[in-house]
Amino acid sequence: MVSKTALRTALAAVLFSGLAGTGIAHADSHGGMASASMLANTCNGCHGPDGNSYGPASPSIAGMNDLYLTEALMMYKSGERPSTIMGRIAKGYSEKELEAIAKFFAGKKTIRVAKQKSDAKMVEMGQKITRDLCEGCHEKDGYAAEDYPILAGQLMPYLRNNLADFASGARNLDTNPSLSAKERRKKKGKLKDLHDKHGKDGVEAVVQFYGSRK
């Protein structure tokens, strides 16, 4: 099994080697800001063509709410949101450029690029758990969320890694300035309930439910 660290290291190498080879500029031939599609080219190495990811370490971002994406990118740029790669990338763009990138991906159609194997009983269990614990934020079985990322159809390794990071504290909700204290308590309580009440099988059921969405 490939570790998360190895996946992230490999992706970083691919991304930065790609950037070095292409020499992507942030200005057009007249000195103005480059088009949104040109700016977004930088993201394709990890997040896939038009934001539909093929890689297990990166989420699909096509079709996500542009305000959510803009806020996330701004937080990476400022360092408020911890990251391995995104902070360094976001610092290379202006706020207007990040807004343009967010709107570009928000306008793209979400495509499920991989058919993922799942167990019908686990999917059924996952649906029940998510409707109890997750539906308040990740609406309509994870397909719609104004202030949160889309979970439906994300690659299962990505979902597993993120849930593991939340459980270990590698992703700490207390350091997310976009959440109120009340929202942090609520989310931490939901994650605790997932692990305490449903255990490893429950976590895997949630992963398989969201990953099986088309």
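## Leu98 and its contacts

Leu98 is in contact with Leu73, Met74, Lys77, Ala90 and Tyr93, leaving aside its neighbours within four places in sequence. The model is a predicted one.

Leu98 belongs to the largest nonpolar core, which has 20 residues. Leu98 is also one of the members that touch the most others; Leu39, Met64, Leu69, Tyr93, Ile101 and Phe105 complete that group. Three helices each supply at least two residues of this core: H2 (36-40), H4 (66-78) and H6 (95-106). H6 gives the most, with six residues.

## Helix H7: length and cap

Helix H7 covers residues 120-133, 14 residues in all. At 1.5 Å a residue, H7 should span 20 Å.

Asp119 caps the N-terminal end of H7. A side-chain oxygen of Asp119 lies 3.1 Å from the backbone nitrogen of Lys121.

## Helix H7: two sides

Which residues of H7 are buried? They are Met122, Val123, Gly126, Ile129, Thr130 and Leu133. Seen down the axis of H7, these buried residues fall within an arc of 125 degrees, so they line one face of the helix. An α-helix has 3.6 residues a turn, so residues three or four places apart point the same way.

Helix H10 (181-212) is part of what covers the buried residues of H7. On the other side of H7, the exposed residues are Ala120, Lys121, Lys128 and Asp132.

## Aromatic pairs

How many aromatic pairs does a search of the whole structure find? It finds two. Phe104 and Phe105 form an edge-to-face pair, 5.2 Å centre to centre, with 80 degrees between the planes. Phe104 has a relative accessible area of 17%; the cut-off for buried is under 20%, so Phe104 counts as buried. Phe105 is buried too, at 1%. Phe105 is also one of the residues that touch the most other members of the largest core.

Phe209 and Tyr210 form a tilted pair, 5.5 Å centre to centre, with 55 degrees between the planes. Both residues are buried: the relative accessible area is 1% for Phe209 and 2% for Tyr210.

Definitions and conventions:
Residues are numbered from 1 along each chain as its sequence is written. This is a predicted model: local features need pLDDT of at least 70, side-chain atom pairs count only at pLDDT 80 or more; totals for chains, interfaces and linings use all residues. Side-chain values use heavy atoms; hydrogens and water are left out. A nonpolar core is a set of buried Ala, Val, Leu, Ile, Met, Phe, Trp, Tyr and Cys residues joined through side-chain atoms within 4.5 Å. Buried means under 20% relative accessible area, exposed over 50%, partly exposed in between (1.4 Å probe, protein chains only). Helices (H or I, at least four residues) and strands (E, at least two) are DSSP runs, numbered from the N terminus. Contact means heavy atoms within 4.5 Å. The expected span of a helix is 1.5 Å times one less than its number of residues. The arc is that of the directions from the helix axis to the C-beta atoms. A polar contact is a pair of N or O atoms within 3.5 Å; within protein, one must be able to donate a hydrogen and the other to accept it, and residues adjacent in sequence count only if both atoms are side-chain atoms. Rings of Phe, Tyr and Trp (its six-membered ring) pair if their centres lie within 6.5 Å; planes under 30 degrees apart count as stacked, over 60 as edge-to-face and the rest as tilted.
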